[in-house]
Each structure stands twice: as structure tokens, then as C-alpha cells.
Amino acid sequence: MFEFCVQHPSGIEKAAYAMQDTKIPHNPRRWNMTYNILALLPSLLPAAIAWAKSMTDPVIRNGSALTEQGLSVASAVGVAMPERIHIAMVDSLPMPQDETLRNVVCSTGLFGPDTVGLTLGYAILIAEGHATRRLLTHEFRHVHQYEKAGSIEKFLLAYLAEIATFGYFDAPLEIDARDHELH
Ligand SMILES: [Zn+2]
């Protein structure tokens with residue numbers, strides 16, 4: 001499954017992220033994939049939530065809280081409770097253990113070996129060497145989206161449905177996060 005990820009052109013907040021104007025070529029097979037993934041979503045959600053929560057708790061416990069400056073930047077992009085945010089720097093972002101979920105996050109371009117940022121509620125994981133203002137404000141905006149959704153469960157359901165329907169790059173929640181990046 002890892003190989004499958006390597007072949008995929010996309011990845012969430014990928015290392016080649018600076019090329020944000022480069023659109024991922026339209027995949028004519030996407031519609032097939034879309035319907036399959038949308039149909040799978042209800043059964044995948046428990047694994048997705050378990051995966052998210054298993055990573056969230058250690059970050060909240062051991063990650064760094066924001067500095068005064070970080071708090072005001074997070075507020076500026078819409079976070080209501082920035083003091084809850086914790087950030088952990090990691091060598092690489094852990095893939096989900098559930099095989100079906102791993103296939104879905106890889107095949108949608110949501111997650112791959114070039115993934116450098118991931119936000120789960122108030123927990124933000126950043127790959128070592130990628131903690132730029134731009135990436136952090138992008139992730140802060142995802143925190144705002146979680147707050148708006150009301151729970152990790154509700155956010156993930158909406159987010160995964162968007163990724164399955166539009167692809168990573170064109171998902172409205174991703175467009176919104178990009179629109180709020182500060183350089
Ligand atoms: Zn994003």
C-alpha cells in the first residue's frame with residue numbers, strides 16, 4: 001500500500017506544496033473512485049476516528065503550546081480557542097493502520113510519504129523542517145474548521161466526503177485553508 005502512495009501525485013500539505021498553483025491533472029477514473037469511497041465512508045469512519053484520536057492525545061499531552069505570537073496568529077485566521085492548540089514535530093506522519101482506510105487516504109491523495117502537515121482537532125503534527133508560517137496558518141485554519149464542525153467526528157465525515165468528491169486540491173475545506181495562509 002505504501003508503494004501505491006508513492007505513485008500518487010498528491011499528498012496533504014505536501015513537500016512540493018509551494019507549487020500550489022499547479023493543479024493535479026484531472027483523473028478520468030475519479031468518478032468511479034468517488035462513488036466507491038463515498039459508499040465506503042460510513043464503514044470507514046470508525047477507523048478514521050480511532051486513528052485520529054490515537055494521534056491526537058499524545059500531541060495534546062506532549063506537544064508545544066503556542067507562544068503569544070502564535071496565539072495571535074491563530075486568532076487572526078479564525079481559531080476561537082488557540083490556547084488549546086498543541087504542535088508536535090515528527091520525523092514523518094504515521095499512516096493509518098487500518099488497511100482500507102490507508103488505501104482510501106492514499107488513493108485520494110489525502111496522505112502520502114510527502115505529507116508534511118496534519119491537523120486533528122487541536123493537535124497539529126508537522127514534519128521536521130516544514131514549520132513555516134504558511135503551513136502553520138494553513139493548519140490553524142483547519143483547527144477553525146474543526147471548531148466550526150463541532151467535533152473531530154463531524155469534521156472528518158465532512159472532510160473525507162469532500163476529498164472523495166472533489167479530490168484533495170479542490171476540496172472546499174482545503175481551498176478555504178489555502179485562502180487563509182499567511183506568508
Ligand atoms: Zn490542508
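This is a predicted model: local features need pLDDT of at least 70, side-chain atom pairs count only at pLDDT 80 or more; totals for chains, interfaces and linings use all residues.
The secondary structure of the chain amounts to seven helices and four strands, arranged along the sequence in the pattern α-α-β-α-β-α-β-β-α-α-α. The chain has 183 residues, of which 37% count as buried. Among contacts with a separation of 6 or more, 77% join residues 24 or more positions apart.

In soluble globular proteins, nonpolar side chains tend to be buried together. The largest nonpolar core of the model comprises 38 residues. Within this core, the residues with the most contacts are Ala 74, Ile 85, Ala 123, Leu 125 and Val 143. At least two core residues come from each of helix H2 (30–62), helix H4 (99–107), strand S3 (117–120), strand S4 (123–127), H5 and H6. When residues up to four places away in sequence are not counted, Ala 74 touches Leu 66, Val 79, Pro 82, Ile 85, Phe 140 and Val 143. Two of these partners, Ile 85 and Val 143, are themselves listed with Ala 74 among the core residues with the most contacts.

Two helix pairs involving H5 were examined. Two packed helices are described by the angle between their axes and the distance between the axes. Helix H5 (residues 133–149) packs on helix H6 (residues 152–166) at an angle of about 110 degrees, and their axes lie 8 Å apart. H5 is therefore roughly perpendicular to H6, the range for this class being 65 to 115 degrees. The crossing of H5 and H6 is right-handed. On the H5 side, the contact is formed by Gln 145, Tyr 146 and Ala 149, which meet Ile 152, Lys 154, Phe 155 and Ala 158 of H6. By class, this contact of H5 with H6 contains five nonpolar residues, one polar residue and one charged residue.

H5 also packs on helix H7 (residues 172–179), here at an angle of about 130 degrees and with the axes 8 Å apart. This angle makes H5 oblique to H7. The crossing of H5 and H7 is right-handed. His 138, Arg 141, His 142 and Gln 145 of H5 meet Leu 173, Asp 176, Ala 177 and Arg 178 of H7. By class, the contact of H5 with H7 has two nonpolar, three polar and three charged residues. Gln 145 of H5 takes part in the contact with H6 and also in the contact with H7.

The loop between strand S2 (86–90) and H4 includes Leu 93. Leu 93 counts as buried because 20 C-beta neighbours lie inside 10 Å. Leaving aside neighbours within four places in sequence, Leu 93 is in contact with Thr 115, Leu 118, Leu 125 and Ala 127. One of these partners, Leu 125, is listed among the core residues with the most contacts. Leu 93 and Glu 128 are 35 residues apart along the chain, and their C-alpha atoms are separated by 9.9 Å.

Met 95 is also placed in the loop between S2 and H4. With 18 other C-beta atoms within 10 Å, Met 95 is partly exposed, since a buried residue requires 20 or more. Met 95 touches Arg 102 and Phe 111, not counting residues up to four places away in sequence. Met 95 and Phe 111 are 16 residues apart in sequence, with a C-alpha to C-alpha distance of 7.9 Å.

How values were computed:
Residues are numbered from 1 along each chain as its sequence is written. Axes are lines fitted to C-alpha atoms, for helices over the stretch in contact, and angles run from 0 to 180 degrees between N-to-C directions. Angles under 35 degrees count as roughly parallel, over 145 as roughly antiparallel, 65 to 115 as roughly perpendicular and the rest as oblique. A crossing is left-handed if the near helix is turned anticlockwise from the far one by less than a right angle, and right-handed if clockwise. Two residues are in contact if their C-beta atoms, placed from the backbone, lie within 7 Å. Ala, Val, Leu, Ile, Met, Phe, Trp, Tyr, Cys and Pro count as nonpolar, Asp, Glu, Lys and Arg as charged, and the others, Gly among them, as polar. A nonpolar core is a set of buried Ala, Val, Leu, Ile, Met, Phe, Trp, Tyr and Cys residues joined through C-beta atoms within 7 Å. A residue is buried if 20 or more other C-beta atoms lie within 10 Å of its own, exposed if 12 or fewer, and partly exposed in between; C-beta atoms are placed from the backbone.
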